[in-house]
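Biologist: I would like to learn how to read a model like this one. Please take me through it feature by feature.

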Amino acid sequence: MSDIEDKEIQSNVYSFKDEKTIPDSFYDYTTSLSDEKVPLVIDNGTYQCRADWAINEEPRLIFKNLVAKQRGKRNQNEVETLIGNDITNVEVVKWVLRSQFDRNIVTLFDIQEQVFDYIFSHLGVNTEGSVNHPIVLTEALCNPNYNRQLMSELLFECYHVPQVSYGVDSLFSLYYNHPNPQTADALILDCGYQASHVVPVLSGRVEPSLCRRMNIGGGYIDGFLQRLLQLKYPGHMPFITMARAEEMVRDHCRLATNFLMELALWDKTEYFERNVHKLQLPVTQVPGTQQSSEQQKERRRQQMSRLQEVNTRRRMDKLQADEAELQKLLEVQELILTADDDAFLSALAEVGLSHVEDLQASVDRLSANIQRAKAKILGQEPAPIEAESKEPSFPLLDIPDEMLTPDQLLVKKRQRILKSAREGRKKALQLQKEKRQKEWEEERKLEDRRKKDFSGWLAEVRNRRQKILDARNARRQKKSDMAKRRTYASQQRMRIISQLAAQPLKKGDNFGQDDSDWDVYKEINRDGGNSDSEAEEDKLEELENLLKEHDPEFQRNLDMGGLSGEFDLAECYRLHLGVEQIRCPELLFQPSMLGLDQAGLAETADFILGKATPDIQERLVKHVFLTGGNANFKNFKERIDFELLQMRPFKSSYQIFCAANPSLDAWHGARQMALNPQWLAESAITRQDYEEQGEGYLAEHWTSNRYFMSPTGTNSSTPASVTVTSSQN
């Protein structure tokens, strides 16, 4: 890996900010504010509440719309209540968090009253028993009259406000960003915290019959990411809090322009390594893990002693098993001369063999393993494998066949087979002796080098160990490739088999008698010719024991859980945010991923456009307006463009606009209208209107809901009574 690629990967590591909220200040209530009756603008959002006087360009109070109460307190006088930014840690168990909203509708007005108290007190309102300022307040789209009536009752009866103006947050945002909001035609995509809305606006007025709400928003995205990561990292579940999930969604998630295409890219290792975001959790050090150098040496010595005991016990068990198996094979081998063919073949099948050559090869292999194991157990130089003290005789081999009876010919055939096996064994013994002598010489030279050049010796041992590991991996890869049809290894195997099949048949089957035949067998064997794996395993164990004894770095890597490479403790405390970056925001367009049986944002917009006439469709798509907190997602505008391109007719035009500040423009629009005295007078509900106009009365204006009078019980009950009377008559 190049230095540039390494730096790119390291740059993908981020730390959690874990920002703590700062309690809001208490501001002065100046005489000018009181005398001029400056309007108070409140954007009562489901996630954040934003409030300040209309004369200020930016809201000074921005806090989470939450109220926290202590658990287990029965006496209301002892209950401590925290609101908004006074809640420094929302994860504390002793607090019960509550919101005044059900979805995006205010239903708990006792909590709403506490939020209003928080706003008025921090803005310094000190008038006795009343708030003598006009209130401009946002409400949900298509807010029920009953809920509006309770809000008006709270403001007029509890705070005695002179007037209140209600408006929809998304329409305030459109008013602030559109050049001609009074005559605007627009399709608003409003993505909030608890709900999202598709709002058609024609000639500056909302069309309630075409409006649609989806119960999906930023809160669902935060919870979805938290659950995904807690399932992915169960060991870090307590540290994956909702606050951190919100931070990851805000700073690291984005919308995919083409979700399926980008989802396929995340399957590629290079793309994953280049784009994954690694979030660093605080590293927890285990107490009592610091040891002195002497303690570490003693611990290493004890480990080596235990390891040697385990290896010796394992070798003894294997030696006994090999000796028992060798004895059984030798008994079968004696049957070549003493038993008939059927009895010999039956005994050969019992030990899992089918040919005499396999029997002799197994005897040679077990003899070599036994000699090697005894040498290791005794800790001595491996002695050469001794030949048999009693040389067998084969008298019938020198007599011509014409001079032998049929029974003697059968015995002569067996003697010839046995002699051939004995000669092959002698040759194998000699080769084994030379090989082991060469290995011993290399080990002795390596030991001399350790005494003279320790660094060079250590590098040589590491290199030998790595060669064995590479050879093992190569065999495993070859075995895997042979199982696949179109790989080079499987094609090479089939080529060798076809060449063997094309060779002319010779008298008798002598394949395997030459050493070159063994190389051919290893080339075509699917197991990769791993008969030498035992000796290789012993050699690897020997090299690793040397490294454990003399290489502290190797031992340290073993202690930290890896056989090679450096162990980074911080890596165990990192959350890898990969495909989750695009998967969680995708809920806005595919709520079914969360199990919600409803349409997404694009599908709902297409449904609304389908209910309108073609002329109205053209008017709406000329200004598709994006607002709400989720409009801050990267690529949100590009994704909407991608969806509209698919749903709109060929060569039709549309335009997409995004709010300058999707989170704050609702407050900015309400402030801008509150500074207009004419609008404030036309849109306000006075106390007299509240008392005279009926339940949930609303003074309609450009940015308000449409008002539909609630049916009254008086008008409906009179005909019923008349009907009853007439029936009695």
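Biologist: What pLDDT does the protein chain average, and what share of the residues score at least 70?

Modeller: pLDDT is the predictor's confidence in each residue, from 0 to 100. The protein chain averages 81, and 77% of the residues reach at least 70. This is a predicted model, in which local features need pLDDT of at least 70 and side-chain atom pairs count only at pLDDT 80 or more, while totals for chains, interfaces and linings use all residues. Residues are numbered from 1 along each chain as its sequence is written, and side-chain values use heavy atoms, with hydrogens and water left out.

Biologist: Where does pLDDT stay under 50?

Modeller: One such stretch is residues 1–9. A contact means heavy atoms within 4.5 Å, and residues 1–9 have four contacts beyond four places in sequence.

Biologist: How many helices and strands does the protein chain have?

Modeller: Helices (H or I, at least four residues) and strands (E, at least two) are DSSP runs, numbered from the N terminus. Here there are 26 helices and 20 strands. Among contacts with a separation of 6 or more, 70% join residues 24 or more positions apart.

Biologist: What percentage of the residues count as buried?

Modeller: Buried means under 20% relative accessible area, exposed over 50%, and partly exposed in between (1.4 Å probe, protein chains only). Of the 729 residues, 41% are buried.

Biologist: Is Leu-82 buried or exposed?

Modeller: Leu-82, in strand E6 (residues 81–83), is buried because its relative accessible area is 17%. Leaving out residues up to four places away in sequence, Leu-82 touches Leu-66, Val-67, Ala-68, Ile-87 and Trp-95. Leu-82 and Tyr-118 are 36 residues apart in sequence, with 9.5 Å from C-alpha to C-alpha.

Biologist: How many cavities of 30 Å³ or more are there?

Modeller: On a 1 Å grid over the protein atoms alone, a cavity is a set of points where a 1.4 Å probe fits but cannot get out; lining residues have an atom within 4 Å of a point. Grid points are joined across faces, edges and corners, and a volume is the space filled by probe spheres set on the points. The count is three, and the largest cavity holds about 60 Å³.

Biologist: Which residues line the largest cavity?

Modeller: The lining consists of Leu-171, Leu-174, Tyr-175, Pro-181, Val-201, Gly-204, Trp-702 and Thr-703. Helix H5 (residues 169–177) gives the most, with three residues. For the classes, Ala, Val, Leu, Ile, Met, Phe, Trp, Tyr, Cys and Pro count as nonpolar, Asp, Glu, Lys and Arg as charged, and the others, Gly among them, as polar. The lining has six nonpolar residues, two polar and no charged.

Biologist: Where is Val-201 placed?

Modeller: Val-201 lies in strand E13 (residues 196–202) and is buried, at 1% relative accessible area. Beyond four places in sequence, the contacts of Val-201 include Leu-171, Leu-174 and Leu-620.

Biologist: What phi does Arg-103 have?

Modeller: Most residues other than glycine have a negative phi. Arg-103 is not a glycine, yet its phi is positive, about 60°. Arg-103 sits in the loop between strand E8 (101–102) and strand E9 (105–106) and is partly exposed, at 34% relative accessibility. Cys-142, also not a glycine, has a positive phi of about 55°. The loop holding Cys-142 runs between strand E10 (135–139) and helix H4 (145–158), and Cys-142 is partly exposed at 42%.

Technical notes
1 Å grid on protein atoms, 1.4 Å probe; cavity = no way out; pocket = protein on both sides within 12 Å on 5 of 7 lines; lining within 4 Å.
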